[in-house]
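These are my notebook entries on a structure that I had not looked at before.

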Amino acid sequence: MGSEEEMNRALLRLFKSRIPPLTDNSPLHKGQSGRIGVIGGAESYAGAPYYVAMSCLRLGADLSHVFCTPEIAPSIRSFSPDIIVHGTLDWSRNFEDTTDWFERLHVLIIGPGLSRKSEIFEYTIPLIKHAKSLNKLLVFDADALVLLSQNPELLKSYPNAVLTPNVMEMKTLAKTAGIDVSKLDDVSGKIAVSKQVSEFYGGCTIVAKGPQDVITDGNFEVIVDSGGSPRRCGGQGDFLSGAVGLLAAWSHINSAIPEDNGSKASKLFRESPLVASSVCASMLVRETSKLTFQSHMRSMVASDMLNFIGDAFMNTFETT
């Protein structure tokens, strides 16, 4: 086992202290294991917000809310009665129909299925600003990354955010910042670009997806290269943004600082909790993809992954 993998395993062991306990005498009440908000779902894109919300529930969140456009809300409701669906992303509705919920949520995951329509972006920007005023944890994925590339000032001096770009989304973010992406295919180049993108977008945490996930906040960088699946079916990234959001929320809910044992993992865990939780989320989703592919092989689709999250969680956290 290489030193990078050893450190990642150490982060998993440290993160166990953040996971809400499920015991017979647990003092937890509904909502204390995570209240998640997803801003997304428009036009034909009902699946992405559903996968984010449902993956969070399958990982152990108590409540998942989806804020979507009115026309897409019935589709998302039909997928599962477990998700609380608000068809409020529309100029005919008051902003308060959405923002009044923000105070009680632990994290907002913005972008899955949002679409790139200018009117949707214009409606979403004030929601982001309001969430920032509440100092909410924010995760930006998919179409919200395009929104950020067009409005980079939204994250100025706001490090309490995670961006989860794939390679094309990373190029879009970097282009706005004037960053050279010619070496993005090389791991060392990917690390360098990710650190520059982090700095440009307010010191946020970057989860640069790919064969190796690169995770950095500009101070620490970690490579995750474990497990995974050769299938590249749509929807897998939604599971990652969900896991990144929920694990970040758990790290915020239970923020007790473990004893410093002098290791790099301990230092990272204490000083960059969003990097630490994102590393754990990456490893967890890669394990989920691996187990799903082993079962379904070529016929694997994203919805199959929901049935393997529980086993992947046990493999990731209970066997380290």
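This is a predicted model: local features need pLDDT of at least 70, side-chain atom pairs count only at pLDDT 80 or more; totals for chains, interfaces and linings use all residues.

**Entry 1: K171.** I looked up K171 and found it partly exposed, at 33% relative accessibility; buried means under 20% relative accessible area, exposed over 50%, and partly exposed in between, with a 1.4 Å probe and protein chains only. K171 lies in helix α7, where helices (H or I, at least four residues) and strands (E, at least two) are DSSP runs numbered from the N terminus. Leaving aside neighbours within four places in sequence, I found K171 in contact with V181 and L184, contact being heavy atoms within 4.5 Å.

Residues are numbered from 1 along each chain as its sequence is written, and side-chain values use heavy atoms, with hydrogens and water left out.

**Entry 2: helix α5.** An α-helix has 3.6 residues a turn, so residues three or four places apart point the same way. After α5 comes N135, whose phi is positive, near 55°.

**Entry 3: aromatic pairs.** My search of the whole structure gave 11 aromatic pairs; rings of Phe, Tyr and Trp (its six-membered ring) pair if their centres lie within 6.5 Å, and planes under 30 degrees apart count as stacked, over 60 as edge-to-face and the rest as tilted. One of them is F67 with F102, edge-to-face at 6.0 Å centre to centre and 80° between the planes. Because F67 lies in strand β2 (residues 63–67) and F102 in the loop between α4 and β4, this pair ties together parts that are 35 residues apart in sequence. F67 is buried, with a relative accessible area of 0%, and F102 counts as buried at 1%.

I then turned to W91 and Y123, an edge-to-face pair with 5.1 Å centre to centre and 85° between the planes. W91 lies in the loop between β3 (84–86) and α4, and Y123 in helix α5, so the pair ties together parts that are 32 residues apart in sequence.

**Entry 4: the cavity.** I worked on a 1 Å grid over the protein atoms alone, where a cavity is a set of points at which a 1.4 Å probe fits but cannot get out, a pocket is an open set with protein on both sides within 12 Å along at least five of seven lines, and lining residues have an atom within 4 Å of a point. Grid points are joined across faces, edges and corners, and a volume is the space filled by probe spheres set on the points. The structure holds 1 cavity of 30 Å³ or more, and the largest cavity has a volume of about 40 Å³. Its lining is S55, L59, F239, L284, V285, T288 and I309, and α11 gives the most, with 3 residues. By class this lining has 5 nonpolar, 2 polar and no charged residues, where Ala, Val, Leu, Ile, Met, Phe, Trp, Tyr, Cys and Pro count as nonpolar, Asp, Glu, Lys and Arg as charged, and the others, Gly among them, as polar.

**Entry 5: the largest pocket.** The largest pocket holds about 700 Å³ of space, and of the 27 residues that line it, K209, G210, R232, Q236 and G237 are the closest to its centre. I found 7 nonpolar, 11 polar and 9 charged residues in the lining of the largest pocket.
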